[in-house]
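Here is a brief report on a ligand and the pocket around it. Please look over the sequence and the model before reading on.

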Amino acid sequence: MGHFEGKSVFITGASTGIGAATSLRLASEGATLFLVDIQERELETTAARCSDHGVDVRFKICDVSKEKDVTESINEMVKEFGAINTVINIAGIQIWRHSHEHSVEDFEKTLAVNLTGTFLVCREALPYLLKTGGSIVNTSSTTALAGIPYSVAYAASKAGVLALTKSLAVEYGKEGLQVNCVNPGGIKTAMSKMPPVEEPDMDLLLRQSPLASFAEPESVAGLIAYLASDEARHINGESIRIDGGALS
Ligand SMILES: NC(=O)c1ccc[n+]([C@@H]2O[C@H](COP(=O)([O-])OP(=O)(O)OC[C@H]3O[C@@H](n4cnc5c(N)ncnc54)[C@H](O)[C@@H]3O)[C@@H](O)[C@H]2O)c1
């Protein structure tokens with residue numbers, strides 16, 4: 001029997017990369033899934049691949065930075081499945097810019113998706129998660145822990161996710177909720193391609209590179225699946241680096 005048999009899981013950023021890998025991992029462990037993202041075709045593909053595992057999968061276009069989208073998605077999940085056991089926030093964007101050229105618009109957009117989006121999903125799901133004594137896994141980054149060039153908004157947003165995670169863990173821990181986050185670095189996805197900034201300082205950029213090679217998104221999916229599972233019940237308010245030793 002899979003770790004997630006009988007559990008309903010809400011996953012953001014499910015279309016590609018770490019979100020798609022996590023959706024598939026949880027489907028393989030028997031989870032009932034509600035998947036959201038803004039990339040429709042890719043989301044349909046992830047959902048179809050998850051369904052191949054014989055689990056119940058629903059998906060919906062949802063921009064996590066939009067309060068209405070998030071509220072509607074959580075409400076729809078509860079209507080369809082009756083409960084939420086786990087929420088996994090993976091949706092994110094990274095806009096690479098020299099900091100002195102970073103527009104306020106791009107700064108606020110990054111915070112809106114990465115940080116406000118994570119907050120909105122947690123807030124809307126909390127009443128249901130408290131009923132099931134469930135779990136939340138958020139996605140921070142190594143950029144929350146050590147300086148990274150050309151990513152001032154992204155780093156700030158991911159540090160916010162880390163702080164939000166710890167705050168929720170403390171606030172609701174006594175009620176049986178478990179809230180943790182992962183801090184990936186050097187994962188092979190669309191996001192980790194070489195940044196389109198002019199004349200980047202490669203020494204600075206490579207500061208957060210894994211000691212050996214970049215890892216597949218499935219490696220993060222495995223860690224997320226563990227943190228979301230009952231096996232990790234005593235882990236709360238924790239953040240775990242998965243970066244090939246980059247920040248060691
Ligand atoms: N790849 C890495 O090395 C790395 C390192 C640290 C953290 N992360 C984090 O992992 C998460 C997943 O990133 P990834 O590397 O798989 O890249 P990715 O670009 O493949 O995945 C990001 C997903 O988020 C979705 N998304 C973007 N904006 C959205 C919005 N407004 N609403 C809903 N969905 C939205 C995208 O459509 C995409 O499916 C992100 O939060 C990212 O910051 C990745």
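## Ligand shell

The ligand is surrounded by 27 residues, and T16, I18, D37, Y154 and T189 are the closest. The model is a predicted one. By class, twelve shell residues are nonpolar, twelve are polar and three are charged.

α1 (17–28) and α5 (152–172) each give at least two residues to the shell around the ligand.

T16 places a polar side-chain atom 2.8 Å from a ligand oxygen atom. I18 uses a backbone N or O atom, also 2.8 Å from an oxygen atom of the ligand. On the nitrogen side, a polar side-chain atom of D63 lies 2.8 Å from a nitrogen atom of the ligand. Taken alone, the ligand exposes 820 Å², and the protein buries 93% of that.

## The pocket

Where does the ligand sit? The ligand is in the largest pocket. The volume of this pocket is about 1200 Å³. Its lining has 45 residues, and Q94, Y154, T189, M191 and S192 are the closest to its centre. Y154 and T189 are also among the residues closest to the ligand.

## Lining of the pocket

Four elements each supply at least two lining residues: α1, β2 (32–37), α4 (104–132) and α5. The largest share comes from α1, with three residues. By class, the lining of the largest pocket has 21 nonpolar, 19 polar and five charged residues.

Notes:
Residues are numbered from 1 along each chain as its sequence is written. This is a predicted model: local features need pLDDT of at least 70, side-chain atom pairs count only at pLDDT 80 or more; totals for chains, interfaces and linings use all residues. Side-chain values use heavy atoms; hydrogens and water are left out. A residue is near a molecule or strand if one of its heavy atoms lies within 4 Å of it. A polar contact is a pair of N or O atoms within 3.5 Å; within protein, one must be able to donate a hydrogen and the other to accept it, and residues adjacent in sequence count only if both atoms are side-chain atoms. Accessible areas come from the Shrake-Rupley method with a 1.4 Å probe; for residues, only the protein chains shown count as cover. On a 1 Å grid over the protein atoms alone, a cavity is a set of points where a 1.4 Å probe fits but cannot get out, and a pocket is an open set with protein on both sides within 12 Å along at least five of seven lines; lining residues have an atom within 4 Å of a point. A molecule sits in a cavity or pocket if more than half of its atoms lie within 2 Å of its grid points. Ala, Val, Leu, Ile, Met, Phe, Trp, Tyr, Cys and Pro count as nonpolar, Asp, Glu, Lys and Arg as charged, and the others, Gly among them, as polar. Grid points are joined across faces, edges and corners, and a volume is the space filled by probe spheres set on the points.
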